[in-house]
Amino acid sequence: MNVNVLLIAVLCGLASLGTKAAGAADSAPIPSDGSVLPFPPTPSASIAAPTLQESTHQRRVEQSHLPADAPNILIILLDDVGFGLADTYGGPIHTPTLSRIAGEGISYNAFHTTAICSPTRAALLTGRNHHRVGSGTIAERAVDWDGYTGVIPRTSATLAKVLGEYGYKSAAFGKWHNTPATDTTAMGPFTLWPTGEGIGFDYFYGFLAGETSQWEPRLVENFNAIEPPHDATYHLSEDMADQAIDWMRKHRAFAPDKPFLMYWAPGAGHGPHHVAKAWADKYKGQFDAGWDQLREQTFERQKALGWIPADTKLTPRAESMPGWDSIPEAERPFQLRLMEVFAGFVEHVDVQAGKVIDELERLGIRDNTLVIYIFGDNGSSAEGQQGSISELLAQNQIPNTIAQQLAALERLGGLDALGGPKVDNMYHAGWAWAGDTPFQHTKLIASHFGGTRNPMAISWPKGIRPDKTPRPQFHHVNDIAPTIYEILRIEPPEVVDGFAQDPIDGTSLAYTFGEAEAPGRKSIQYFDNNGSRGLYRDGWYAGTFGPLTPWLSVSPGLATWDPNKDVWELYNLDVDFSQANNLAAQEPQRLDAMKALFVEEAKANEAFPIGAGIWLRIHPEDRIKTPYRSWQFDATTTRMPEFTAPGLGRESNHVTIDAEFGENASGVLYALGGASGGLTLYMDQGHLVYEYNMMIIERYGVATADKLTPGRHRIEVDTTIAKPGAPAQIVLSVDGREVTRTTVARTVPAAFTASESFDVGLDLGSPVSLDYFDRRPFAFDGTIDAVRVSLK
């Protein structure tokens, strides 16, 4: 396909469009069947005779299967930002690029996601419902029911795959999060990597996991792990903008006749919230009134702008979520600074997106570039819970207190450390709730729009006339792919690479480009995430909250939850924009019909068993992992993702190291995890040191009293953990003799990090131990012959 596609996760709009793409030539050669890829090659016009003298030569002309002057496409997708955050639409955070796209195009105020990362991205890229493409939950929580495997099937080809067959060049930047966690090592398999055969992008620069440090990201370029520069000014969002600009310039140089599709999906504003202090300081004092008042102020601005209907009601805070008045005065500076950092983080990434738009202008291709800016892959995230300096505390369901957080933060430099490389901070869930104004709840809740409704802006100067009137039609992230196919006059293929294709679930929204009040064409859409679920049908919405409360460290009753006993709610969206008036008691028959229809949709899309996304919270022992019980490593072993590495910090194991040590040996022998949590064994001026970093809030360490003599030694580390999360007994031995031991009071039951790795001979990424933070990656100055690991 000859369509350059820039995808900006906030859909703007296209101008009036009929059955033909705007500006497309009537004679554009579109195949009559258009359904089977790849296209057969154009026959040769040359004539081959027995001799050169008798032969004639004429080069064949490459046939185009795209409309003439097909657009470039840029999709921008931000992460974990909700409906009520951007000042473009009444929120408190300055978003000049989103405002620019909205001003040059159109905006949507009834656009929906799946309430969680990987599923939204899979639906966006394929045009199918998330369970249909194996993405009922995030990649790291995949389980072996068909709708939850984390494997996008070859029967649901991606936009990149299909457009590539039509001639498009494509690139993806930033967060991926759609490759099975066990497929992310240097040995692959690479089929489901962004540039793999099963996905189809030509180029990738970013990270494979659900999150990463913005200061020391675990980067991949195509199939190769790369390290960011050790530069105090480096930031991933800025790097992504630079890399996207560089790719576009190369595209102009090497393939100027081909349109392109760019998927620009930064990690911001997902945790950890990392940004330079100056960006956070721009918001100093702006949130001092707390999240309850922020929500009311945002609501009034939304109405004044006409972004939401004038009769919209502001929904109440859940009883289980604290109000700002309940926060002790002594803790408020911490909570306020967390929000200031987040706001700076989001503005910063929006500005970086603006650099990509600027480059389109500089290259002279902005006019014919379709920009889709989706402001969030789900609602704002409550996973920071009470406010956190190590956000995976929530994923591990580790109880903690603000007092513990503040005590640990003080050792790192106090409030000024927030946003920096020594913490993985996340704001209080109350800020997330305010960020989803005017709706109820947050990310991970699929029953209410606080988890699933995100603003979108679309701009295409050549194809869409600017219009400030919000598009109110109910649409979903699975509608993006069919929209692009319609613009390009492409019939979704029936067969790709020999695989018969699943039906497209999405509905093109191109009909809204030129008519703000066009009747909606999407009749039905189900939602399901972690047992929270709902169904849209012709203006009505039924849903139930489910068993998981994202803002609580532990959701009671998960193991005994019965979905058949859930209480459902019912809303008439035609007169109730914010789901404020529950009509379940007044319309029981309608509700029963909606519940029955949800079951039909769930079954058809392989969403059974309902709630499979919470399985690993109940059964962490079933976490996706490699089948190995023993390994042999050496100093060539680096960047082994935690989800494929031995579970050194959560299960009993024995490690043996054979190495050559010099005088006053120093450096890391092995490390797993990063600054937000992990463990490390290292040498420091001849002393052997072990540290278990329990998500920053607790650190356990021990060092030998005597130095190791120069020469060859065998180091052994024996770890005993009765069950996930239980205390650990650590025994260190040298040459068969115990030299020291320690007890870790509690361990991490699931994972230290989302993207940090196991490394031998140094500690890549963010360092586990503060003791060598300024010496990172603290490479071992001796020789490591072998590191043997066995699980007990």
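Predicted model: local features only at pLDDT ≥ 70, side-chain atom pairs only at ≥ 80, totals over all residues.

Me: What is the geometry of the aromatic pair formed by Phe527 and Tyr541?
Reply: Phe527 belongs to strand E17 and Tyr541 to strand E19, so their pair ties together parts that are 14 residues apart in sequence. The ring centres are 5.8 Å apart, and the planes make an angle of 55°. Planes under 30 degrees apart would count as stacked and those over 60 as edge-to-face. The pair is accordingly classed as tilted.

Me: How many residues apart in sequence are the parts tied together by the pair of Phe474 and Phe527?
Reply: Phe474 and Phe527 form an edge-to-face pair, with 6.3 Å centre to centre and 85° between the planes. Both residues are buried. Phe474 lies in the loop between strand E13 (456–459) and strand E14 (475–476), whereas Phe527 is in strand E17, so the separation of the parts in sequence is 53 residues.

Me: Which residues do ring pairs link into a cluster with Phe527?
Reply: The structure holds 37 aromatic pairs. Ring pairs join Phe527 into a cluster with Phe83, Tyr89, Trp307, Phe439, Phe449, Phe474, Tyr536, Tyr541 and Phe577.

Me: Which residue lies over the face of Phe577?
Reply: Phe577 is one of the residues in the aromatic cluster. At 5.0 Å from the centre of the Phe577 ring, the residue over its face is Arg453.

Me: Which strands are the edge strands of the open sheet of 4 strands?
Reply: The order in this sheet is E17-E18-E19-E20, with antiparallel pairing. Each edge strand pairs on one side only, and these are strand E17 (524–529) and strand E20 (569–572).

Me: What is the bridge partner of Gln525 in E18?
Reply: E17 and strand E18 (residues 532–537) are paired in the antiparallel sense, over 6 bridges. Within E18, the partner of Gln525 is Tyr536.

Me: At about what angle does helix H13 run to E18?
Reply: Helix H13 comprises residues 588–604 and lies across E17, E18, strand E19 (540–544) and E20. Its angle to E18 is about 110°.

Me: Is His441 buried or exposed?
Reply: His441 is placed in the loop between helix H10 (429–435) and helix H11 (449–452). Beyond its neighbours within four places in sequence, its contacts include Ala318, Trp433, His448, Phe545 and Trp551. Its relative accessible area is 10%, so His441 is buried.

Me: Is Glu329 buried or exposed?
Reply: Glu329 occupies the loop between helix H6 (291–305) and helix H7 (332–362). An exposed residue has a relative accessible area over 50%. The value for Glu329 is 60%, so this residue is exposed.

Me: How does the radius of gyration of the protein stand against the globule rule?
Reply: The protein has 14 helices and 32 strands. The globule rule gives 28 Å for 792 residues, and the radius of gyration is close to this value, so the protein is as compact as a globular protein of that length. The radius of gyration is 27 Å.

Me: What percentage of the residues in the protein is buried?
Reply: Along its principal axes, the C-alpha trace spans about 85 × 85 × 50 Å. Of the 792 residues in the protein, the buried share is 64%.

How values were computed
Residues numbered from 1 in each chain as written. Heavy atoms only, no water. Pairing = 2+ DSSP bridges. Helix = DSSP H or I, 4+ residues; strand = E, 2+ residues; numbered from the N terminus. Contact = heavy atoms within 4.5 Å. Axes fitted to C-alpha atoms, helices over the stretch in contact; angles between N-to-C directions. Buried < 20%, exposed > 50% of the residue type's maximum accessible area, 1.4 Å probe, protein only. Phe/Tyr/Trp six-rings, centres within 6.5 Å; stacked < 30°, edge-to-face > 60°. Lys NZ or Arg CZ within 6 Å of the ring centre and 35° of its normal. Rg over C-alpha atoms; globule rule 2.2 N^0.38 Å.
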